[in-house]
Amino acid sequence: MSEALVDALNPALFWEYRQVLLRGLAFNAYVFFSAATVALIVGLAAALLRVNRAWPFRWIGTLHVEVFRNAPDYIMVIWVHFVLPLLLGKLIGQRVEFSPFASAVIALGFVYSGYFAETFRAGIQSIPQGHLDAGRACGMAESTILWRIILPQVVRRMLPEAVNQFVSLFKATTIVSLIAVPDLMYQVSMVTQQEMRPLPLYTGAAVTYFAVIYVVAGSVRGLSERWRNKIYA
Amino acid sequence: MDAIPAIRVVDLRKNFGALEVLRGVSFDVHRGSVVSMIGASGSGKSTLLRCINRLETPSAGEVFIDGEPMGGPVTANGERKERPLSDINRMRRDLGMVFQQFNLWPHMTVIGNVIEAPLRVRRMKRKAAIALAEECLARVHLSEKGTEYPARLSGGQMQRVAIARALAMQPKAMLFDEPTSSLDPELTDEVLTVMRELAADGTTMIVVTHEMAFARDASDRVLFLHNGQIEEEGPPDQVFGAPKSERCRQFLSKKLQ
C-alpha cells in the first residue's frame with residue numbers, strides 16, 4: 001500500500017475529535033429514540049383505525065399509511081422544518097418556528113409511523129379470533145383484550161420486522177444534519193471543513209454507524225428470538 | 001326443580017344474511033343439570049351456544065340468565081333497549097365457555113391463563129387468584145403444569161387448562177362447544193373424564209358434542225337440533241332409546257354404528 005493511502009486512511013484524526021463526534025452520535029440516538037416513540041404511538045393509533053369496523057376510521061388510517069409510507073424521509077424533514085411552520089403561521093396569524101430537533105423528530109416519527117402502522121395491523125390481524133372470543137366469554141372489556149391479549153402477542157410477532165424498521169430509522173437519522181441538528185454527520189462535516197481531510201472522517205463515520213447498528217440490532221434480534229421461542233415451541 | 005332456571009332460552013333466532021341458522025329455539029337449563037346438544041354439522045348447535053353468551057347477537061328471541069334478560073329489559077312502552085357492552089360483560093362472567101380450539105392465550109403460562117380473568121375482570125388480589133387457579137388446575141388434574149406455556153402441552157392438556165380457566169371465574173353455568181372435536185381419540189377421554197366429574201359435582205352445563213356416550217350417560221337432558229330447530233328433546237333414555245323423530249333416529253343410528 002502506498003504511503004499516501006495509509007496516511008489518508010489513518011484514523012488518528014477521527015480519534016482526535018472523538019468527543020465532539022461522540023456527542024454527535026448521542027444526538028443521533030436522541031433523535032432516534034424520540035422519533036421511534038412518535039412512530040410507535042402514531043403507528044399503533046393508525047393501525048387501530050385501519051382495523052376499525054367503521055369505514056371512515058379505516059379510510060383515515062389508510063390515508064395516513066399511504067401518505068407517510070410513500071413520502072421520502074429527506075423531503076419530509078425539509079417540509080416539516082421549512083414549510084409546515086409557514087403554513088401554521090398563516091393559519092394562526094403568528095410567526096411559528098420549529099427547532100431542528102423538533103422538526104427531525106416529527107418528520108421521521110410520522111414517516112416511520114406509516115411503516116409501523118402496517119406492521120401493527122398485520123400483527124393484530126394475525127391473532128386468531130378465538131383468542132378474542134375467549135376473552136369476551138370471560139367478560140373482559142375490549143380495552144383489556146387489546147392490552148392483555150392482542151398487543152403482547154402482536155409485539156412478539158412483529159419484533160423481527162420492527163427491528164429492521166428501527167435499523168432503517170436509525171440510518172435515516174443521519175439526514176437530520178441537513179437542517180442543522182448537530183448529529184454525527186453534522187459534526188463530521190464541520191470538522192472536515194476545518195481539517196480538509198474528508199477521507200478518514202467520513203470513513204470513520206460510516207464505520208461507526210455500521211458498528212453501532214450491527215452490534216445493537218444483533219443483540220436485540222438474539223434476545224427477542226429467545227423470548228419469542230418460549231411461546232412458539 | 002326451582003322456579004327460575006339458570007338459563008332460559010326463548011324463541012331464539014339467528015340469521016346470517018339470508019341464511020336462517022336458528023329458527024326459534026326454546027329450552028330451559030335448571031341449576032345443577034347437564035344438557036347435551038347433538039345434531040349434524042350445520043344444525044345450529046354452536047351458533048346457539050354462542051348466542052347464549054352473546055358472542056353472536058341473536059336476531060330475535062331472548063336468553064335469560066337467572067331470570068335476567070341478556071338482551072336488555074323491556075321499557076314501559078314495550079320497546080327493548082340493547083344493553084351496553086359493559087352490562088353484557090358483567091353477565092358473561094357467569095357463563096364459562098370452553099371452545100373446540102381451546103383458545104388458550106399462548107403468551108401466558110398455564111397459571112397466567114387461569115388467573116387472567118379473575119385478576120382483570122373480577123379484580124381479585126393476585127395471591128387469592130393464584131390460590132383459586134391452583135384449585136381449578138387440581139380439578140382438571142394439571143396441578144404440576146402451572147409454569148408451562150401452552151405450546152408445550154398436548155391437546156387434551158390444553159383443553160383441560162381451558163376448562164380450568166373457565167372454572168376460575170366461578171361461573172353459574174359452563175358452556176362447552178364441541179370440546180373434544182379437535183382432539184385425537186386417545187386424548188378425548190381425559191377431557192371427558194373431567195367433564196363427567198364436573199357434572200357429578202353439580203355444575204350446570206350445556207354441552208355441544210358429538211360424543212354420544214357422554215350425552216347418554218352424563219346428561220340429564222338431550223336436545224337434538226336439526227335445521228336450526230329442536231327436533232327432539234328429552235331425558236337421554238328417551239332420546240337414545242325411543243326417539244320420536246325419524247331424523248333423530250337416523251342421526252343416532254349413524255352415530256352409534
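View 1. Chain B has nine helices and 10 strands, where helices (H or I, at least four residues) and strands (E, at least two) are DSSP runs numbered from the N terminus. The C-alpha atoms of chain B fill a box of roughly 55 × 50 × 40 Å along the principal axes. For 257 residues a compact globule would have a radius of gyration near 18 Å, and the 18 Å of chain B agrees with this; the radius is taken over C-alpha atoms, and the globule rule is 2.2 Å times the number of residues to the power 0.38. Of the 257 residues in chain B, 55% are buried, a term that stands for under 20% relative accessible area, with exposed over 50% and partly exposed in between (1.4 Å probe, protein chains only). Among contacts (heavy atoms within 4.5 Å) in chain B with a separation of 6 or more, 63% join residues 24 or more positions apart.

View 2. The side chain of Glu62(B) reaches the backbone nitrogen of Met70(B) at 3.5 Å. Beyond its neighbours within four places in sequence, Glu62(B) is in contact with several residues, including Arg8(B), Arg54(B), Met70(B) and Arg80(B).

**View 3. The contact between chain B and chain A.** Chain B gives 25 residues to the contact and chain A gives 21 residues. About 2000 Å² is buried between the two chains, 64% of it from carbon and sulfur atoms, buried area being the accessible area (1.4 Å probe) that two parts lose on being put together, summed over both. In chain B, Trp105(B), Pro106(B) and His107(B) lose the most area to chain A, together 28% of what that side buries.

**View 4. The salt bridge of Arg148(A) and Glu116(B).** The side chains of these residues meet at 2.7 Å, N to O, and the count between chain B and chain A is two salt bridges, each a side-chain nitrogen of Lys or Arg within 4 Å of a carboxyl oxygen of Asp or Glu. The elements that give two or more residues to the side of chain B that touches chain A are helix H2 (85–92), strand S6 (95–98) and helix H3 (110–120).

Residues are numbered from 1 along each chain as its sequence is written, chains are lettered from A and ligands numbered from 1 in the order in which they are written, and side-chain values use heavy atoms, with hydrogens and water left out. In this predicted model, local features need pLDDT of at least 70 and side-chain atom pairs count only at pLDDT 80 or more, whereas totals for chains, interfaces and linings use all residues.

Definitions and conventions
A polar contact is a pair of N or O atoms within 3.5 Å; within protein, one must be able to donate a hydrogen and the other to accept it, and residues adjacent in sequence count only if both atoms are side-chain atoms.
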